[in-house]
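Q: Please take a close look at one part of this model, the interface between the chains. Give the cut-offs along with the numbers.

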Amino acid sequence: MSKKVTNVVFAGIGGQGVLKASDILADAAFASGIEIKKAEVHGMSQRGGSVSSDVRFGEGVLSPMVPEGKADYLVVLDETQVEPNAGCLAEDGKLITVNHLDVSKLQSPKCVNIALLGVLSNFLDLDVEILKNSVKANLAEKLHEMNMAAFEYGQSIEA
Amino acid sequence: MADKILVNGNVAVAHAALAAGVKLGVGYPGTPSTEILETFSAIGGHAQWAPNEKVALEVGIGAAFGAARTIVTMKHVGVNVAADPLFTVAYEKVDGALVIVVADDPGMASSQNEQDSRNYARAAGVVMLEPSTSQEAYDFLGKAIEISERWNVPVFLRLTTRICHSKTVVELKELSKADFEPNYEKNIPERVMVPALARAAHRRIVAKLHEIEAWACEAGSGMTEEKNGDKSMGIITSGIAAVHVYEAAPEAGVLKLNMSYPFPNKVVEEFAAKYDKVVIVEEGDRIIEKDCRMIGVEVVGKPEEFVFGELNVARTKKLIAGDGSPDAPTPKDRPPQLCVGCPHRYSFQVLKDLDAVVTGDIGCYTLGVMPPFEKIDTCVCMGGSIGVGLGLRHVLPDDQARKVVSVIGDSTFMHSGLTGIVDMVYNRPKTGHVVMILDNSITAMTGMQEHPGTGRALDHSPAYQVSVEDVCKGIGVENVAVFDPLKEQEEMKATLKDYLDNDKIGVIIARRACIIALKNLSQRK
């Protein structure tokens with residue numbers, strides 16, 4: 001398991017499941033016994049405003065917020081939110097956006113967050129089964145099948 | 001070993017309240033504080049929403065006078081509403097614990113100002129603890145209860161947005177339970193603040209604060225935390241700023257103030273003496289800096305730039321370097337909007353059609369300020385729409401005065417709109433006045449909380465439903481009309497025009513449920 005702190009920033013618009021995606025990743029890191037901190041801004045996000053959430057895991061995480069220019073991964077659920085968040089990405093950081101997906105291949109556009117988690121999972125030093133279990137634990141049972149398919153579709157994408 | 005959970009600071013406080021046997025949690029919803037009572041209720045605690053923060057604190061005071069462990073929750077601006085009871089209960093003896101959990105919002109993620117509640121601790125003489133992680137939020141609620149019961153004083157637990165809404169790991173430790181049950185003991189000298197008794201009480205509380213300060217300075221109190229570092233620089237900090245400091249300046253010595261008021265003078269003096277230079281890293285106002293200067297400790301404070309917004313690791317580095325240059329502007333976030341299908345949209349169209357001057361209030365409908373409506377002209381505070389509208393009516397020339405409409409939501413009306421309505425009928429403006437209550441039957445902006453007008457308690461169980469129209473009629477408003485803004489938009493517009501043109505005193509209730517609340521409601525059923 002990686003010693004270094006991994007910084008992931010999720011961004012999008014209220015209602016897209018940005019916070020859900022970050023919760024799933026955070027819970028998976030926690031379940032893996034890794035030090036974890038997660039920050040998010042709520043507020044008026046339910047009204048269609050910008051939303052972002054920071055997930056940091058690995059040994060010696062201190063601040064819950066990913067410092068500017070230190071994100072290893074920036075996962076963006078809505079194209080318009082790439083530019084406002086680009087500054088958080090490290091020079092060698094990886095940008096993963098909804099453009100990596102063919103959304104028509106998802107059973108619902110509401111699964112974009114989970115599909116992007118699938119894409120992200122290819123890069124992370126986390127057990128995919130733990131991550132999948134975390135997806136299930138964070139969603140109602142009737143949504144499991146649809147989202148497992150979205151996650152696996154995401155895994156098949158080369159970003 | 002105790003269970004561990006990954007939760008945000010709000011949820012941590014709720015679990016601590018349950019573990020410590022808190023008998024009553026009461027508050028008014030407000031981001032970022034709302035989930036504390038929602039969680040406390042969901043895990044089995046007795047929690048309730050008060051109509052506003054003043055009533056919440058008063059109910060909490062009563063419970064603590066009755067020797068029960070009590071928490072009262074609110075956001076920072078809520079303390080303004082609760083300030084009247086706060087400043088006097090500070091003099092009084094509580095038999096149970098009274099912990100006021102206040103959530104500040106530096107950077108204003110969802111607030112109308114970024115006031116710093118640490119000022120209230122000093123102004124009112126109320127002890128304040130400041131956690132920097134979810135674990136500390138849990139532990140410090142336990143500490144706050146201990147302090148409150150040991151010295152019989154109210155205690156503040158101050159959270160900030162990043163404590164409330166950051167998830168970190170919490171070990172659910174056992175917390176000590178009260179070894180007494182609710183019971184009333186008569187104590188006129190310490191409970192009835194008439195001048196003769198209050199003079200003595202003021203001296204008593206100041207003496208207690210000295211005692212608490214002395215205790216906080218003892219090793220083992222847990223009220224300060226010191227990390228040794230390079231002799232060249234020591235940093236004094238508190239709350240979330242501390243974790244930024246640990247990351248931004250790993251070599252520095254750090255004194256973290258877990259109790260930020262009363263100020264632990266002796267510990268600060270001893271810490272400062274060890275370092276060549278002492279830098280203060282604090283979010284919000286310059287409070288630790290002033291407290292240090294008060295006791296003659298020479299420190300380097302922060303540049304003015306850092307009075308604004310929240311800190312993060314990068315800004316903390318700049319602050320420590322004394323670099324007060326403005327940050328590079330970040331690309332603009334997408335601002336929030338009234339939802340597509342939001343019933344408020346139909347009401348704002350009416351106000352726009354009639355070219356009204358709209359004094360607004362605090363809630364989702366404040367977003368009526370955004371295009372295409374731009375139909376909120378003022379926004380000050382909860383309930384402020386009505387008084388501000390009346391003030392304009394009293395002084396403007398008649399043709400302008402007749403255009404003024406106050407707009408307020410249903411939860412905000414229950415919070416602090418009632419006295420405005422009383423003033424409207426009592427000091428009736430010559431041109432009359434109209435209040436529109438945009439009733440979406442929920443406290444929407446904070447995330448769908450119940451209030452006295454919804455007919456449901458905090459846990460959504462049935463409760464008495466206060467009728468907005470009956471309240472207005474009872475106060476003496478001559479014209480009260482209720483419309484569905486979607487289905488009866490034209491009728492609503494005609495009625496509003498009639499009230500405005502004919503100098504009437506009127507309340508128009510535009511009632512249609514919030515579309516998000518409706519979805520939640522159907523999921524619960």
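A: The answer below goes through the interface, then the chains on either side.

This is a predicted model, in which local features need pLDDT of at least 70 and side-chain atom pairs count only at pLDDT 80 or more, while totals for chains, interfaces and linings use all residues. Residues are numbered from 1 along each chain as its sequence is written, chains are lettered from A and ligands numbered from 1 in the order in which they are written, and side-chain values use heavy atoms, with hydrogens and water left out.

Chain B puts 38 residues into the contact and chain A puts in 30 residues, where contact means heavy atoms within 4.5 Å. The area buried between the two chains is about 2,900 Å², and carbon and sulfur atoms give 62% of that area. Buried area here is the accessible area (1.4 Å probe) that two parts lose on being put together, summed over both. On the side of chain B, the residues that lose the most area to chain A are Leu6(B), Lys167(B) and Arg334(B), which together make up 21% of what that side buries.

For polar pairing, 6 residue pairs are in polar contact between chain B and chain A, both residues being at pLDDT 80 or more. A polar contact is a pair of N or O atoms within 3.5 Å; within protein, one must be able to donate a hydrogen and the other to accept it, and residues adjacent in sequence count only if both atoms are side-chain atoms. Among the elements of chain B, β1 (4-8), β8 (166-171) and α10 (240-248) each supply at least two residues of the side that touches chain A; helices (H or I, at least four residues) and strands (E, at least two) are DSSP runs, numbered from the N terminus. Of the elements, α10(B) gives the most to that side, with 5 residues. By class, the side of chain B that touches chain A holds 19 nonpolar, 10 polar and 9 charged residues. Ala, Val, Leu, Ile, Met, Phe, Trp, Tyr, Cys and Pro count as nonpolar, Asp, Glu, Lys and Arg as charged, and the others, Gly among them, as polar.

Between chain B and chain A there are 2 salt bridges, each a side-chain nitrogen of Lys or Arg within 4 Å of a carboxyl oxygen of Asp or Glu. In one of them, the side chains of Glu247(B) and Arg56(A) meet at 2.8 Å, N to O. Over all chains, the count by this rule is 38 salt bridges. Glu247(B) lies in helix α10 of chain B and Arg56(A) in strand β3 (residues 50-57) of chain A, so this pair joins two chains.

Strand β2 (residues 36-40) of chain A runs antiparallel to β8(B), joined to it by 2 bridges; two strands pair if DSSP finds at least two bridges between them. Lys38(A) has Lys167(B) of β8(B) as its bridge partner, and Lys167(B) is also one of the residues of chain B that lose the most area to chain A.
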